[in-house]
Amino acid sequence: MSTNPCGEIPLCPYDSCRLLSINLYSYVVNPFTKEARFDFDKFKTHVAYAQRIMDDIVDLELEKIDKIMAKIQTDPQSDEVRGAEYHLWEKIKRKSSMGRRTGVGITAEGDMLAALGLRYGTQEATDFSVSVHKTLALSAYRSSVTMAAERGAFEIFDAAREKNNPFVLRIKEADPALYKDMVKYGRRNIACLTIAPTGTTSLMTQTTSGIEPVFMPVYKRRRKVNPNDTDVHVDFVDEVGDSFEEYIVYHKKFMEWMRINGFDTEKRYTQEEIDDLVSKSPYYKATANDVDWLMKIKMQGAIQKWVDHSISVTVNLPNDVDEAW
């Protein structure tokens, strides 16, 4: 069997994909200023809470599975039909309880870097991102080990089976005390981390998604209008005579940069003025189309060392790339 090659959590049969994303932008103190900094202490605390919440979600899921199985037993279908469905949920419950798999991750990586004055796609930005994800990994694993001491380790935990695991060895090197406790108490969760696309989540938080850069900090759109209506500004008429008004769409955090740095967010800017604004911002040459594709891959590889599942990411290739690359 295989997994969706684009999936951020490769799963064995009957296991569950459980996701939670932490908004990295919210940990930047004094964003878009020279005094900007990342609050690592608050971040560590919240990661520990996030891992604990995810473990509680496993229990909530198991409770719901029990209710589903109880309902199946009272369903009016034949014994054969009920038996097949009941056996399926037995396997789902068994797999979920054996590993208690979780997927704590992040969103707003691009906005976090911009708010700190770092340009996405540079080595400096990548190095900082790695420090954030290393902190995330160590904090989540510490939380899982603490819960193992309180609630018990996941059922099939065996420290000997992980003694040569590269990810576990990185944790051992970075935090020997954590590794020692993990051998002693085990972990509550077989795996803890992932980075999902967070498309809908980023729309709700109005941030960049996952570990991606901003797609575009500002762009123009058109909407069809009636030229006879009052307060309508006709900017474009197409070949069939329909009238359109152009309006500017700002990325929410780009607008925050404008506000903090004294730029008028209500003004109707020309394209030249928009280009000038972007060039002055930390989003300059840091969009999805600007970031060097090879540097994007190197960034993902560096961050992946601190993610025990996978990373969902899109790499924009230049138009001249062919199979020879």
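A crossing of two helices is called left-handed if the near helix is turned anticlockwise from the far one by less than a right angle. With that in mind, and remembering that this is a predicted model, begin by selecting helix 4 (residues 123-151) and helix 6 (residues 176-185), whose axes come within 9 Å and cross at roughly 30°; the crossing of helix 4 and helix 6 is left-handed. To display the contact, select Leu-138, Tyr-141, Arg-142, Val-145, Ala-148 and Ala-149 on helix 4, together with Ala-177, Leu-178, Asp-181, Met-182 and Tyr-185 on helix 6. Sorted by class, this contact of helix 4 with helix 6 has 9 nonpolar and 2 charged residues, and no polar ones.

Turn next to the salt bridges, of which the count comes to 23. Select Arg-187 and Glu-162, which form one of them, with their closest N and O atoms 2.8 Å apart. This pair links distant parts of the chain, since Arg-187 sits in the loop between helix 6 and helix 7 (199-205) and Glu-162 in the loop between helix 4 and helix 5 (166-174), 25 residues apart. Both Arg-187 and Glu-162 are buried.

Then move to helix 9 (residues 271-280), where Lys-280 and Asp-276 are 4 residues apart and therefore separated by about one helical turn. Lys-280 forms a salt bridge with Asp-276, the closest N and O atoms lying 3.1 Å apart. Lys-280 is partly exposed, at a relative accessible area of 49%, and Asp-276 also counts as partly exposed, at 37%.

Finish by selecting Asp-55, Asp-56, Asp-59, Arg-100, Arg-151 and Arg-188, which are linked in a network of salt bridges.

Methods:
Residues are numbered from 1 along each chain as its sequence is written. This is a predicted model: local features need pLDDT of at least 70, side-chain atom pairs count only at pLDDT 80 or more; totals for chains, interfaces and linings use all residues. Side-chain values use heavy atoms; hydrogens and water are left out. Axes are lines fitted to C-alpha atoms, for helices over the stretch in contact, and angles run from 0 to 180 degrees between N-to-C directions. Helices (H or I, at least four residues) and strands (E, at least two) are DSSP runs, numbered from the N terminus. Contact means heavy atoms within 4.5 Å. Ala, Val, Leu, Ile, Met, Phe, Trp, Tyr, Cys and Pro count as nonpolar, Asp, Glu, Lys and Arg as charged, and the others, Gly among them, as polar. A salt bridge is a side-chain nitrogen of Lys or Arg within 4 Å of a carboxyl oxygen of Asp or Glu. Buried means under 20% relative accessible area, exposed over 50%, partly exposed in between (1.4 Å probe, protein chains only).
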